[in-house]
Amino acid sequence: MADSQEQEQQWELSEEGCHVSLTHDNLNVNTIMDRVRSPSAGAIVLFAGTTRDNFAGKPVHSLTYTSYHPLALRTLLSIATSIKATHGLTGIAITHRLGPVPIGEESILIAVSSPHRQAAWRAGEQALEECKDRVEIWKREEFTGEEGVWRANRDGKMGVKVTE
Amino acid sequence: MSSTPPPGHFQILYFALASSLTGKDAEPLPAPLPLSQLFSKLEELYPGIKSQVLESSLVTVNMEYVDVPSRGEEGEAVLQEGDEVAIIPPVSSG
């Protein structure tokens with residue numbers, strides 16, 4: 001799925017203060033903050049999810065994300081618009097990285113801006129939880145000396161082993 | 001990934017474990033096919049896929065989630081030529 005042409009691509013959707021995107025590139029904290037920056041906002045809350053080097057203590061040597069791009073974007077935008085309305089945000093931006101992501105790098109960034117900080121804190125947390133619940137993106141963890149595993153967020157347990 | 005299927009077919013997309021088990025990202029399957037027969041059709045093609053993936057997955061048709069009638073139920077939905085169907089295993093973004 002991740003052919004060489006795709007490496008250069010970015011997929012995005014925008015709507016009134018909401019911006020969501022998927023990319024194979026490194027994620028950039030400044031870019032996403034600038035998406036939500038506004039003179040009417042008094043706070044920007046930024047969440048950066050980074051790739052961990054272990055699952056329940058087992059060493060993970062690499063991770064790869066795949067996605068159903070058009071549906072994942074649609075779901076991301078629906079999360080963004082609903083959270084923006086619920087918390088009265090000025091802006092919200094969510095971006096997720098796809099393809100291989102080296103350990104310790106950002107796999108997801110969420111930035112929200114609002115007139116006051118309380119709403120931004122709450123909205124940021126809720127946005128992440130809804131993404132992990134619903135967005136059509138899948139993570140595969142490769143372990144040293146073992147088969148890879150497709151993770152499932154919903155059970156927080158070890159996913160199903162993959163034999164290839 | 002979402003290329004147009006040949007005439008008389010719908011396109012089915014496989015993600016995560018579904019893709020690992022089938023060895024494919026996508027393939028065309030003959031249409032029309034009642035939605036209630038989708039899982040048994042896939043089980044026929046990929047023995048074991050039902051218990052390993054399908055039963056814990058959601059299904060979309062043209063990017064809308066649908067209820068797959070359980071075994072024995074008839075259901076009225078039919079997958080049509082040109083439809084884009086996807087098997088959505090439990091997600092793991094973040």
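# Close-up views of the predicted model

**A:Glu141 sits in strand 9 of chain A.** The model shown is predicted. A:Glu141 has a relative accessibility of 3%, so this residue counts as buried; the cut-off is under 20%. Which residues does A:Glu141 touch, leaving aside those up to four places away in sequence? A:Phe55, A:Val60, A:Ser62 and A:Leu63 are among them. The contacts also include A:Gly148, A:Val149 and A:Arg151.

**A:Arg140 belongs to strand 9 of chain A, which covers residues 137-143.** Its relative accessibility is 12%, so A:Arg140 counts as buried. A:Glu141 is found in strand 9 as well and is also buried, at 3%.

**UniProt's "binding site" positions in chain A, taken from an unreviewed entry.** The record lists A:His116, A:Arg117, A:Lys132, A:Lys139, A:Arg140 and A:Glu141.

A search of the whole structure finds 3 aromatic pairs over all chains. In this pair, the ring centres of A:Trp138 and B:Phe15 are 4.8 Å apart and the planes meet at 10°, so the rings are stacked. The cut-off for stacking is under 30 degrees. B:Phe15 counts as buried at 1%.

**A:Lys58 lies over the face of A:Phe143.** The distance to the ring centre of A:Phe143 is 4.4 Å.

**Strand 6 of chain A, residues 91-97, is largely enclosed by the rest of the structure.** How many of its residues are buried? 7 of the 7 are, so the strand is largely enclosed. Side chains in a regular strand alternate between the two faces of the sheet. In strand 6, A:Gly91, A:Ala93, A:Thr95 and A:Arg97 point one way. A:Ile92, A:Ile94 and A:His96 point the other way. Both sets are buried.

**Strand 6 of chain A pairs with strand 2 and with strand 8.** Strand 2 (residues 18-23) runs parallel to strand 6, over 6 bridges. Here A:Leu22 stands opposite A:His96. Strand 8 (residues 106-114) runs antiparallel to strand 6, and 6 bridges join the two. Here A:Ala93 stands opposite A:Ala111.

**Chain A as the setting for these views, with 4 helices and 11 strands.** Of its 164 residues, 48% are buried. How many of the contacts between residues at least 6 apart in sequence join residues at least 24 apart? In chain A the share is 68%. The accessible surface of the chain comes to about 8,100 Å². Carbon and sulfur atoms account for 47% of that surface.

Notes: Residues numbered from 1 in each chain as written. Chains lettered and ligands numbered in written order. Predicted model: local features only at pLDDT ≥ 70, side-chain atom pairs only at ≥ 80, totals over all residues. Heavy atoms only, no water. UniProt positions renumbered as here; feature names shortened; annotations may be inferred. Buried < 20%, exposed > 50% of the residue type's maximum accessible area, 1.4 Å probe, protein only. Contact = heavy atoms within 4.5 Å. Areas by Shrake-Rupley, 256 points an atom, 1.4 Å probe, with all protein chains shown as cover. Phe/Tyr/Trp six-rings, centres within 6.5 Å; stacked < 30°, edge-to-face > 60°. Lys NZ or Arg CZ within 6 Å of the ring centre and 35° of its normal. Pairing = 2+ DSSP bridges.
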